[in-house]
Amino acid sequence: MVSDKDFRKAVELINKSQNVLITTHIRPDGDACGSIVAMADSLTSLGKKVMPILLSPLPGWYQSLFTQKPAILGEDVNIEQLKEGFLAEFDLIMLVDVNSDSQLPKFADFLKQNEKPVIVLDHHMTGDGFGDIELIDTSAAATGLIVLELLKCAGWPITEKIAQALFVAISTDTGWFRFSNTDSRVYKSCAELIEAGANPAQIHHSLYQNFSFARVKHMSAMLNSLELHFDARYASQHLLQQDFEKSGAFYKDTENLIDECQQIGSVETAALFVELKDGRIKCSLRSRGDVSVLEIAQKFGGGGHTMAAGVHLQGPLEKAEQLIKAEIEKRLR
């Protein structure tokens, strides 16, 4: 848990600031997006000028959270503009749902040269210590819980929009309350958010019943590649560049696809390998608990959680698959 002392330090620093830059990890998920929106809305209501910047495109099913489309690094703004203060002279930077160099491509270099204070709100076990103040709680199921606790500690109002955003953050990082990280803290917090105006039925429809036909075709290609190993305890799947071309899907459409194979009762560990345009392989890993996929990801420079982690590997696909398969075999013995 984050101490009240650290929350108060963060509140004090926020109160002194006027121009705040907020960002999160590459390929933003529901926790990242919901936490950014809640934090940005809260600071805006305090009279701060807030600029959210994403490091990669926003998945369509999270767009409704944002009143305005956030700037994308490399598309709407570049690192040089940030360094030169072209957009604004930021006096505070906030990292939400991230504290790891590998999850902040290009932006990490800007952070290392930056002289302004940095506040980190994160729940991941891997971190590179970017924050002057770090509100980190690895026992929290989602960063959205930490954001909620910060707002409550500061006495800042939780509007209906903020409640919706934080409900998205918490519900997505718990797999709509299916994952083992769904504890009483999650349910108590979500009850508060519902009382503040969050609409679970509406949120569920927006998140899980609002996909494109291209994504569904893409999921079909992934399932066709499914292989089971080690007495069906390990599921391996992949998506190639040619699959993206055939389906018309984008990389952002791969979010949470790895969860599909976990409907197989015997599967304890799963991996989804996605071939990127630069030839690297993005490997997403999931576990039901007996195998720490975090340890596997960290071995190759990745990170995440014990039961959900990810890492970038060098191609070709077959080599990446063998590396991960060997590590999982060691742990399943």
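**Ile22 and the cores**

Leaving out residues up to four places away in sequence, I found Ile22 touching Ile36, Met39, Ala40, Leu43, Val50, Met51, Pro52, Ile53, Met94 and Val96; contact means heavy atoms within 4.5 Å. Ile22, Met39 and Met94 touch the most other members of the largest nonpolar core, which has 54 residues. Apart from that core lies another one of 20 residues, including Leu21, Ala71, Val77 and Ile93. My working definition: a nonpolar core is a set of buried Ala, Val, Leu, Ile, Met, Phe, Trp, Tyr and Cys residues joined through side-chain atoms within 4.5 Å. Buried is under 20% relative accessible area, exposed is over 50%, and partly exposed is in between (1.4 Å probe, protein chains only).

Ground rules for myself: residues are numbered from 1 along each chain as its sequence is written, and side-chain values use heavy atoms, with hydrogens and water left out. As this is a predicted model, local features need pLDDT of at least 70 and side-chain atom pairs count only at pLDDT 80 or more, while totals for chains, interfaces and linings use all residues.

**Helix α6**

Next I looked up α6 (residues 160–173). Helices (H or I, at least four residues) and strands (E, at least two) are DSSP runs, numbered from the N terminus. How many residues of α6 are buried? I get 12 of its 14, among them Phe167, Val168 and Asp173. The buried residues of α6 pack against α2 (30–45), α5, α7 (184–195) and α8 (200–208).

I also checked the length of α6: at 1.5 Å a residue its 14 residues should span 20 Å, and its end C-alpha atoms are 20 Å apart, so the two agree. The expected span is 1.5 Å times one less than the number of residues.

For the α5 (residues 143–154) packing on α6, I noted an angle of about 145° and axes 8 Å apart. Axes are lines fitted to C-alpha atoms, for helices over the stretch in contact, and angles run from 0 to 180 degrees between N-to-C directions. Gly144, Leu145, Val147, Leu148 and Leu151 of α5 meet Ile162, Leu166, Ala169 and Ile170 of α6. By class, that contact has eight nonpolar, one polar and no charged residues. Here Ala, Val, Leu, Ile, Met, Phe, Trp, Tyr, Cys and Pro count as nonpolar, Asp, Glu, Lys and Arg as charged, and the others, Gly among them, as polar.

Just past α6, glycine 175 has a positive phi of about 60°. Phenylalanine 177, in the loop between α6 and α7, has a positive phi of about 65° although it is not a glycine.

**The sheet**

Then I moved to the open, mixed sheet of six strands, ordered β7-β8-β9-β10-β12-β11. Its edge strands are β7 (227–229) and β11 (303–304), each pairing on one side only; strands pair if DSSP finds at least two bridges between them. β7 and β8 (residues 234–239) run antiparallel and are joined by three bridges. Leucine 228 has alanine 235 in β8 as its bridge partner. Helix α9 (residues 213–224) packs on the sheet, touching β8 and β9 (269–275), and its direction makes about 130° with that of β8.

**Loops**

Not counting residues up to four places away in sequence, Ser225 touches Ser236, Gln237 and His238.

Alanine 232 sits in the loop between β7 and β8, and has a positive phi of about 65° without being a glycine. Last entry: I found a cis peptide bond joining glycine 315 and proline 316, with omega about 5°.
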